[in-house]
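Open the model in your viewer and keep the selection tool ready.

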Amino acid sequence: MLNTAPSTAIALSSAPKLYRLPSLSMVVPNPKSVVVGYARASVLAIMEKAIVKGYLTISDSEGVFHFGTRTKGCNEVHLTVTRDDFWTRILFSQDLGFSEAYMIGDVQVNDLKAVFDLWLDNEAGMGHLSSTANRIASAISGLSNAFLGQTRWKARLNAIASYDQSNELFKAFLSKEMMYSCALWTDAEGGVRGDLVTGPTPGDLETAQLRKIRHVLTAARVKPGDRILEFGSGWGGLAIEAARTFGCEVDTLTLSKEQKALAEERIREAGLQDRIRVHLMDYRDIPSSFEKAFDAFVSIEMLEHVGSQHYQTYFKLVDYALKSRNATAVVSASSFPEARYSRYQPEDFMRKYMWPNSCLPSATALIAAANSGSEGRFTLEGVENHAAHYPRTLREWGRRLEANVRQELIIKDYPALADAAEYEAFKRKWQYLFAYAGAGFAKGYITCHMLTFTRPNDCPSSCD
């Protein structure tokens with residue numbers, strides 16, 4: 001599940017006798033069975049101490065075990081272990097191991113969201129699952145991600161893995177604007193829990209995503225004739241709205257060939273090809289013609305791919321491209337609360353299977369980088385946290401994925417998914433993502449900040 005702070009694993013000797021290891025006194029067992037037995041005994045012993053809120057039932061071929069105290073209305077989770085590899089995955093790889101066990105079917109769960117809620121509610125005790133080997137591997141992967149994860153050549157590979165996938169897949173669950181980021185919900189759609197109270201309604205995601213785009217562009221204070229620079233094109237949703245409704249010109253950058261191709265197709269269909277230019281370009285390679293050429297800068301959930309070592313460079317280039325007066329920058333990103341933020345973020349489910357080498361910033365890390373990168377030429381104008389809006393966005397993506405994705409559609413781009421087991425694992429990966437991220441935002445484990453910067457002495461409106 002979600003990463004927890006490293007802590008010392010509980011020694012096997014502290015395990016209750018109920019979870020004793022297989023005996024070696026009579027028969028020399030298969031080495032794998034010894035490892036599985038050790039892992040199973042250790043995990044069960046840790047669960048007995050870790051679960052203080054909620055109620056967990058684990059069933060496997062050897063029995064049924066209960067942890068925590070069952071109370072009226074409490075979060076009840078039932079895990080059914082179908083293969084013994086589950087135990088070693090959990091002990092040696094924690095949340096990454098659980099994600100892999102779920103994807104390939106080593107474990108069945110009654111409610112995936114409830115699993116993550118239980119984990120986060122008992123996070124302090126779950127830290128004891130971290131083995132010495134796991135801590136060493138995490139440290140190595142964290143350092144590698146920080147120093148090597150977002151070099152120029154690696155950034156392109158990251159984009160290929162993250163976004164050069166089937167455009168048909170993304171069309172299946174995104175809104176018609178194809179915004180792969182947090183929507184903004186209001187009372188018009190019943191708020192952030194409207195889908196749970198009255199149910200989702202057709203077009204609600206489209207309405208919320210269009211509201212988000214317009215909110216960003218309004219914060220950027222754009223007006224007809226302004227020129228906007230965007231890092232992270234997506235499939236052109238924001239650029240199209242900026243040109244069509246706000247009357248702006250847009251230069252937008254992406255590293256994904258698939259995104260560029262579809263974005264340009266959509267731009268042509270909108271008749272806006274003379275006002276929007278999509279560049280297949282690393283943000284670090286912007287040309288000299290961009291110097292002080294833009295009235296506004298926007299970037300929606302692209303900063304997760306920049307890396308902590310490059311935040312200052314990122315804002316240095318934003319400063320380079322924006323005009324010296326009457327210019328605004330708006331950036332948003334999934335982020336860590338300050339207490340959880342680290343520049344060295346190890347491999348987990350997200351970084352291995354969804355967005356390789358990604359790194360979540362914190363709001364203060366970005367604010368500090370904006371100040372140093374611009375040499376004080378940015379003034380912080382606004383800070384917003386949209387985390388409460390993300391779980392409903394993710395729930396809607398999950399519903400649309402279930403309703404629209406078909407094996408015969410996907411195998412055109414992923415021939416290997418013609419195999420039923422591979423296709424099931426593929427679907428489980430996306431189900432896991434939506435539930436995993438949704439629980440993180442809902443529990444405050446991760447946040448989603450939007451920051452607005454202006455130039456010094458710029459006044460947003462007349463006030464005297």
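Select helix α3, residues 112-121. Eight of its 10 residues are buried, so mostly this helix is covered (buried means under 20% relative accessible area with a 1.4 Å probe, protein chains only). This is a predicted model: local features need pLDDT of at least 70, side-chain atom pairs count only at pLDDT 80 or more, and totals for chains, interfaces and linings use all residues. Numbering runs from 1 along each chain as its sequence is written, and side-chain values use heavy atoms, without hydrogens or water.

Color the buried residues of α3: Leu112, Ala114, Val115, Phe116, Asp117, Leu118, Trp119 and Leu120. Now show what covers them, including β1 (55-60), α2 (85-104) and α17 (420-442). Then pick aspartate 111, the cap at the N-terminal end of α3. One of its side-chain oxygens lies 3.1 Å from the backbone nitrogen of lysine 113.

Next, select α12 (311-321) and α14 (363-373). Their axes come within 8 Å and cross at roughly 55°. The crossing is right-handed. Show Tyr311, Gln312, Phe315 and Lys316 in α12; they meet Leu366, Ala369, Ala370, Ser372 and Gly373 in α14 (contact means heavy atoms within 4.5 Å). These contact residues divide into five nonpolar, three polar and one charged.

Last stop: arginine 400, in helix α15 (390-404). Is arginine 400 buried or exposed? Arginine 400 is buried, with a relative accessible area of 15%. Among the residues that arginine 400 touches are Phe173, Asp204, Glu206 and Val405.

Note on methods: Axes fitted to C-alpha atoms, helices over the stretch in contact; angles between N-to-C directions. Helix = DSSP H or I, 4+ residues; strand = E, 2+ residues; numbered from the N terminus. Left-handed = near helix turned anticlockwise from the far one by under 90°. Nonpolar A, V, L, I, M, F, W, Y, C, P; charged D, E, K, R; others polar. Buried < 20%, exposed > 50% of the residue type's maximum accessible area, 1.4 Å probe, protein only. Polar contact = N/O pair within 3.5 Å; in protein donor to acceptor, adjacent residues only side chain to side chain. Lists of a residue's contacts leave out its neighbours within four places in sequence.
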